[in-house]
Amino acid sequence: MNDGNIDWILALACLLAGIGIGAVGYHLLNANVRRNQKVRQRLSETELQLGQVRDALNNHFSQATDLVTQLQRTSQELQQQLTAQADALCDDPQLKRRLHQNDDESPSEEDTSLHAPRDYAESGRGTLSENYGMQNKAPENDPQPPRY
């Protein structure tokens, strides 16, 4: 009977050892799961904050664009009103000419700045010319080789 009891005791000890090893493994794996959950939660909070910052930034730029547009419109209206009142009330022709000159210059400045870039020079002697950097030297009394 001693041999039979030893088998049962050994089986019971292996069962208890397996349960203990399983509990320790579960505890270790569960700790990693908890850490992963905390990291995921912090990541989602950070993504939410980033989304809020992006929304606020987009909103800020939208408002700034609206304000700049409104400022430009108001400036143009003020210029037009100033020109109209100067035409009606001012007798100085130089002042009137200067005010009307400012009205005429603003669109033309924008038009001149929109030219497409070119890869050649205005004249035929640009850097892509075949004779660029070559100097035309006329022969100046070069000695002739002797004739034999």
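**Exercise 1.** In which helix is Gln80 found, and is Gln80 buried or exposed?

*Solution.* This is a predicted model, in which local features need pLDDT of at least 70, side-chain atom pairs count only at pLDDT 80 or more, and totals for chains, interfaces and linings use all residues. Residues are numbered from 1 along each chain as its sequence is written, and side-chain values use heavy atoms, with hydrogens and water left out. Gln80 is found in helix 1, a helix being a DSSP run (H or I) of at least four residues, numbered from the N terminus. Gln80 is exposed because its relative accessibility is 56%, where exposed means over 50%, buried under 20% and partly exposed in between (1.4 Å probe, protein chains only).

**Exercise 2.** Determine the C-alpha separation of Gln80 and His100.

*Solution.* Gln80 and His100 lie 20 residues apart along the chain, and their C-alpha atoms are separated by 9.7 Å.

**Exercise 3.** Locate Leu16 and classify its exposure.

*Solution.* Leu16 belongs to helix 1, which covers residues 2-89; with a relative accessible area of 55%, Leu16 is therefore exposed.

**Exercise 4.** What share of the protein chain is made up of buried residues?

*Solution.* The protein chain has 2 helices and 0 strands, and buried residues make up 5% of its 148 residues.
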